[in-house]
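Q: Please take a close look at one helix and its surroundings. What does it pack against, and how is the region around it built?

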Amino acid sequence: MRFTHESLPQRVRFATGEADAALAAEIDRLGARRVMVIASGREAETAARITSEIPVALRHDEVVMHVPVEVAERARARAAEHTVDAIVCIGGGSTTGLAKAVALTTGLPIVAVPTTYAGSEATDVWGLTSDGTKTTGVDPRVLPGAVVYDASLLATLPGELAVASGLNALAHCVDAMWGPRVDPIDQVFATEGIRGLAAGLPKVARDSAGVEGIEQTLYGAYLAAVSFTSAGSGMHHKICHVLGGMFDLPHAQTHAVVLPHVLAFNAPSAPEAEARMASAFGAASAVEGLAGLRTTLGAPQALKDYGMPEDGIAQAVAPILAAIPDNNPAPVTEANLAALLRAAWAGAHPDKREES
Ligand code: NAD
């Protein structure tokens, strides 16, 4: 056996109902005296409550999806003005993304308190948008040194958003199984991530404020991000990235629709990964496990429902084909990729593809 696995250096605390104390302990460990707290207006009250025990020098609430460069520059300028020595971010991937943008140029340490299942807190990937174009990069400075997960903070996440965010995390796990840098350790994390998400998400769908379901889903979402950042983007993420960019499709729904098609496509050529995923779903096969979960959750079915035009199928084939990693388990051709996209577009059963 030969592989090299790199674990990212990060402390992770699960502290349901105790984000304030856990955050104070992490800030204390850092010896920080002047903390910048980043939280959007929506999170302001929560942020005030859980930061009451730390030395806050600056509160910053200008959070914008996909981190426009000018928003990042304003946050960096305020951090410098107030001579802050650490950042605490409380919110979803957009809020974590802004903290990362500040850390990228300042080297300030981040303690992240996530309030969605996006998983950005567990990666060293940053993203900035300029004139509608997103640039991403990898830098060790943007990895939060510590993460505090408090399930009670996600009780306010609306059910539909919670399910979409959780399915996105599930896509991280499935795609990590055959990502371009995948190793056996990533597969262990991804498999356990699937188990956590498959156990937690139905509970979240039934009762979006129920703490037990949120805890299981958060645990799965963390493992999903860890496995995915190590394994890299596989076929599923390449498809969603191209389709999302070409047709301005909604992120979470695109992932939710495409995932069963990629799983059905790759599973027969990746029997070991398939068996692990099946056991994580507690089903006879990975495809059946995902189908059952999707039915329970009432997951989105067809890309045509989200604005993808039918002639977009032919348009998307070449750029997707060029992006799919060479190590993809099943050989991808123009014909079988077009058939997969057509099935996802129409909302057909993933196993009933017809090659055109
Ligand atoms: P988001 O942070 O934009 O949040 C979505 C909405 O949910 C916002 O309106 C927010 O105010 C609200 N919200 C957040 N938490 C809530 C809560 N607990 N209760 C009620 N409402 C709440 O969306 P997201 O899906 O968390 O993150 C998406 C962004 O993160 C994208 O820009 C994506 O590219 C990025 N991302 C980056 C990485 C990475 O590794 N760099 C990984 C995943 C996602």
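A: Contact here means heavy atoms within 4.5 Å. Helices (H or I, at least four residues) and strands (E, at least two) are DSSP runs, numbered from the N terminus. This is a predicted model, in which local features need pLDDT of at least 70, side-chain atom pairs count only at pLDDT 80 or more, and totals for chains, interfaces and linings use all residues. Residues are numbered from 1 along each chain as its sequence is written, and side-chain values use heavy atoms, with hydrogens and water left out.

The helix in focus is H7, residues 211-231. Its 21 residues should span 30 Å at 1.5 Å a residue; the expected span is 1.5 Å times one less than the number of residues. The end C-alpha atoms of H7 are 30 Å apart, which agrees. Of the 21 residues of H7, 16 are buried, so the helix is largely enclosed by the rest of the structure. Buried means under 20% relative accessible area, exposed over 50%, partly exposed in between (1.4 Å probe, protein chains only). Just after H7 comes Gly232, with a positive phi of about 90°.

Now the packing partner. Helix H5 (residues 159-176) packs on H7 at an angle of about 40°, and the two axes are 8 Å apart. That makes H5 oblique to H7. Axes are lines fitted to C-alpha atoms, for helices over the stretch in contact, and angles run from 0 to 180 degrees between N-to-C directions. Angles under 35 degrees count as roughly parallel, over 145 as roughly antiparallel, 65 to 115 as roughly perpendicular and the rest as oblique. The crossing of H5 and H7 is left-handed: the near helix is turned anticlockwise from the far one by less than a right angle, whereas clockwise would be right-handed. From H5, the residues involved are Ala169, His172, Cys173, Asp175 and Ala176. They meet Ala221, Ala224, Ser227, Phe228 and Ala231 in H7.

Next, the annotated span. In an unreviewed entry, UniProt lists residues 163-345 as "domain: Fe-containing alcohol dehydrogenase-like C-terminal". UniProt positions follow the numbering used here, feature names are shortened, and annotations may be inferred rather than shown by experiment. The span is 73% helix and 0% strand, and its end C-alpha atoms lie 21 Å apart.

Another helix pair is H9 (residues 251-266) and H13 (residues 334-346), whose axes come within 9 Å and cross at roughly 145°. This crossing is right-handed. Val257, His261, Val262 and Phe265 in H9 meet Asn336, Leu340, Ala343 and Ala344 in H13.
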